[in-house]
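Me: Hi! I'd like to walk through this one with you, a topic at a time. Could you start with the terms we'll need?

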Amino acid sequence: MINRYTRPAMGAIWELQNKFSIWKEIEVLACEAQAELGQAGITKEEAQWIRDHADFTVERIDEIEKVTNHDVIAFTTCMAEYIDADVPEGQEKPSRWVHYGMTSSDLGDTALSYQIVQAIDIILDDVKQLGETCKRRAFEFQNTLCVGRTHGIHAEPMTFGMKFGSWAWALKRAQTRLEQAREVAATGAISGAVGTYSSIDPYVEKYVCEKLGLTPDPLSTQVLARDRHAQVMCALACAAATLESIAMQVRLLQQTDVIEAEEPFKKGQKGSSAMPHKRNPITAERVCGLARCVKANAQVALDNVALWYERDISHSGTERVALADSFTALDYMFAKMQWIMDGLQTYPAKMEHNVWRTKGLIFSSKVLLALVNTGITREEAYVIVQRNAMAVWEDIQNAVDGPTYRERLESDPEAKLSKETLDEIFDPWDFLTRKDEVFKRLEGLEF
């Protein structure tokens, strides 16, 4: 992922320095396990020597890999140079115990699982912060009237806090999916070629995984099955889609014809190089765009599940790109959405103005029920309601300053509704007598 969209903590996880540091720790732990087991010949003193002297540089590994064309061999060769550097001439080299009985995937897959866990923990912190912000702002706007829209068309009144509340619940679901994915991903395997433990005791796997906070795979086939990684990537994609949905709402609310809310616009910020009046939702648009990358990478992970027999490396190259990019992009997206949600500029007066922009049409459902209550059939009531509604729609579409929906009903002899009934119908808060039930549920939401 380019630096523009990389936050330091997440970026550091996917740097080679971190990956090789985890590799080093796995190799050292494996040596310690072998020494404790007492079967391979390595002594505890040698294991301690390896821990004290094991090191590497990314530059030296790159240099060796240009010759070996094998990153794990380049790494173990580099580490051996450090381990054996101070060994007196003629003595056996402790580095001979490094990678003993292991295969490349034992090292790479277990380390990758550890990196994924590190990265998910950052994303989970992101989710918690944004979720709590949305919950807080939901109660801030609990009683702020606005119009609800379906298909982009005015539907019925609601409160603006309900929008924030729905986003909070969506983020809670994202949190649950990510926690489940973390559990599935926190798995290691040190089982040797094709997973039979032919040259290494299962104790080594158990020891290493326990130290790293991982669970041994019950049956690896040299590699960890990639459905685990696919579940992680799908959880990331769902989280990205959730952020995309929220960002899309911000973009819609910021439209000139709506302008009920907009993302923060900083002092000195410029909206357009040609049109100085512009205040564009560029950050929300960026979140929507980056979501496409994260969602697309989930397909890469799904394609990686099918490997030949016990393993191949068709997944390897794509993982190095897709995993790092998805985690990095999503972390950045969360940071931007946190900035937007925390500082979202809202315009309650415009919200209430928009409630009445369709001249009372949004109360049609209440009119329908009231007419049914007078004793006529639903079909007869629907004709009366729609006939008057379409007349108002035509005025709106043609910018004609005609009668309101209530005024048309009052002049329609078939719409036999009293003034008291119409007063009740055309009170937007009459739609919201049960809204507090929604917010009672939200009170119990915890991240």
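Reply: Happy to. Buried means under 20% relative accessible area, exposed means over 50%, and partly exposed is in between, with a 1.4 Å probe and protein chains only. This is a predicted model, in which local features need pLDDT of at least 70 and side-chain atom pairs count only at pLDDT 80 or more, while totals for chains, interfaces and linings use all residues. Residues are numbered from 1 along each chain as its sequence is written, and side-chain values use heavy atoms, with hydrogens and water left out.

Me: Thanks. What is the phi of Val194?
Reply: Val194 has a positive phi of about 50°, although it is not a glycine. Val194 belongs to the loop between β3 (187-188) and α8 (202-212). Helices (H or I, at least four residues) and strands (E, at least two) are DSSP runs, numbered from the N terminus.

Me: Is Val194 partly exposed or buried?
Reply: Val194 is partly exposed because its relative accessible area is 42%.

Me: And where is Ala399 found?
Reply: Ala399 is in the loop between α14 and α15 (405-411). Ala399 also has a positive phi, about 55°, and is not a glycine. With a relative accessible area of 72%, Ala399 is exposed.

Me: Changing topic: how many aromatic pairs does the structure hold?
Reply: The structure holds 18 aromatic pairs. One of them is Phe164 with Trp167, an edge-to-face pair at 5.2 Å centre to centre with 75° between the planes. For the rule, rings of Phe, Tyr and Trp (its six-membered ring) pair if their centres lie within 6.5 Å; planes under 30 degrees apart count as stacked, over 60 as edge-to-face and the rest as tilted.

Me: Where do Phe164 and Trp167 lie?
Reply: Both are in helix α7 (residues 160-185), 3 residues apart, which is about one turn of the helix. Phe164 counts as buried because its relative accessibility is 0%, and Trp167 counts as buried at 6%.

Me: Which residues do ring pairs link into a cluster?
Reply: Trp356, Phe363, Tyr405, Phe426 and Phe431. Phe431 also has the charged end of Lys366 over its ring, 5.0 Å from the centre. Elsewhere, Lys172 lies over the face of Phe447, at 5.8 Å from the ring centre. A charge sits over a ring if NZ of Lys or CZ of Arg is within 6 Å of the ring centre and within 35 degrees of the ring normal.

Me: What about the second largest pocket?
Reply: The second largest pocket has a volume of about 420 Å³. Of its 17 lining residues, Leu361, Ser364, Ser365, Val385 and Ala389 lie nearest the centre. The largest share of that lining, 7 residues, comes from α14.

Me: And how many cavities of 30 Å³ or more are there?
Reply: The structure holds 1, and the volume of the largest cavity is about 40 Å³. The lining of the largest cavity consists of His229, Met233, Val300, Ala301, Asn304, Glu319, Ala322 and Leu323. Its largest share, 3 residues, comes from α11.

Me: Last one: how many disulfides?
Reply: The count comes to 0, with a disulfide being a pair of cysteine sulfur atoms within 2.5 Å. Cys293 has its closest cysteine sulfur in Cys288, 12 Å away, so the two are too far apart for a bond.

How values were computed
On a 1 Å grid over the protein atoms alone, a cavity is a set of points where a 1.4 Å probe fits but cannot get out, and a pocket is an open set with protein on both sides within 12 Å along at least five of seven lines; lining residues have an atom within 4 Å of a point. Grid points are joined across faces, edges and corners, and a volume is the space filled by probe spheres set on the points.
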